[in-house]
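Open the model in your viewer and keep the selection panel at hand. This tour moves from stop to stop. At each one, select what is named and look around.

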Amino acid sequence: MLGIAAAVLFFIAFLINAAEITTNHVFASGNVMLLGLTLLALHVAGIGSGWAGRTRRR
């Protein structure tokens with residue numbers, strides 16, 4: 001799930017950069033990209049992956 005959120009943030013950062021939209025410093029293209037990288041790193045680390053991998057014991 002975090003991987004999808006990272007992809008969306010990367011796409012938003014691309015649109016901001018490609019359209020040369022002027023935003024405030026919080027929503028600048030670089031900041032949105034860093035948020036996407038943070039989410040991607042959490043996804044690769046296994047946090048928020050959605051798959052627990054639990055086994056049933058009898």
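Is Leu 40 buried, partly exposed or exposed? Leu 40 counts as partly exposed, because its relative accessibility is 33%. Buried means under 20% relative accessible area, exposed means over 50%, and partly exposed lies in between (1.4 Å probe, protein chains only).

**Before you go on**

This is a predicted model, where local features need pLDDT of at least 70, side-chain atom pairs count only at pLDDT 80 or more, and totals for chains, interfaces and linings use all residues. Residues are numbered from 1 along each chain as its sequence is written, and side-chain values use heavy atoms, with hydrogens and water left out.

**Stop 1: the whole chain**

Show everything as a cartoon. The protein has 2 helices and 0 strands. Helices (H or I, at least four residues) and strands (E, at least two) are DSSP runs, numbered from the N terminus. Of the 58 residues, 14% count as buried.

The accessible surface of the protein comes to about 5,000 Å². Carbon and sulfur atoms hold 67% of that area. Such areas come from the Shrake-Rupley method with a 1.4 Å probe; for residues, only the protein chains shown count as cover.

Turn to contacts, meaning heavy atoms within 4.5 Å. Take those between residues at least 6 apart in sequence: 61% of them join residues at least 24 apart.

**Stop 2: helix 1**

Select residues 2-18, which make up helix 1. The 17 residues of helix 1 should span 24 Å at 1.5 Å a residue, and its end C-alpha atoms are 24 Å apart, which agrees. The expected span is 1.5 Å times one less than the number of residues.

Next, colour the buried residues of helix 1: Leu 2, Ala 6, Ala 13 and Ile 16. They lie on the same side of helix 1, because they cover an arc of only 85° around the axis. The arc is that of the directions from the helix axis to the C-beta atoms. What covers these buried residues includes helix 2.

Ala 7 is partly exposed, with a relative accessible area of 44%. From Ala 7 to Met 33, the C-alpha distance is 9.7 Å, across 26 residues of sequence.

Just after helix 1, click Glu 20. Glu 20 has a positive phi of about 55°.

**Stop 3: Leu 2**

Go back to Leu 2, in helix 1. What does Leu 2 touch, not counting residues up to four places away in sequence? Leu 2 touches Leu 39, Leu 42, His 43, Ile 47 and Gly 48. Then draw a line to Gly 36. The C-alpha atoms of Leu 2 and Gly 36 are separated by 9.0 Å, though the two residues are 34 apart along the chain.

**Stop 4: helix 2**

Select residues 29-45 for helix 2. Helix 2 has 17 residues and reaches 24 Å from its first C-alpha to its last, close to the 24 Å expected at 1.5 Å a residue.

Colour Ser 29, Val 32, Gly 36 and Leu 39, which are buried in helix 2. They sit on the same side of helix 2, because they cover an arc of only 95° around the axis. The buried residues of helix 2 pack against helix 1.

On the other side of helix 2, Leu 34, Val 44 and Ala 45 are exposed. Gly 46 follows helix 2, and its phi is positive, near 100°.

**Stop 5: Ser 29**

Zoom in on Ser 29, in helix 2. Ser 29 counts as buried, because its relative accessible area is 15%. Beyond residues up to four places away in sequence, Ser 29 touches Ala 13, Ile 16 and Asn 17. Ser 29 and Ala 13 are 16 residues apart in sequence, and 4.7 Å apart from C-alpha to C-alpha.

**Stop 6: Leu 40 again**

End where the tour began. Leu 40 belongs to helix 2. Leaving aside neighbours within four places in sequence, Leu 40 is in contact with Ala 6 and Phe 10. Leu 40 and Ile 4 are 36 residues apart in sequence and 8.7 Å apart in space, C-alpha to C-alpha.
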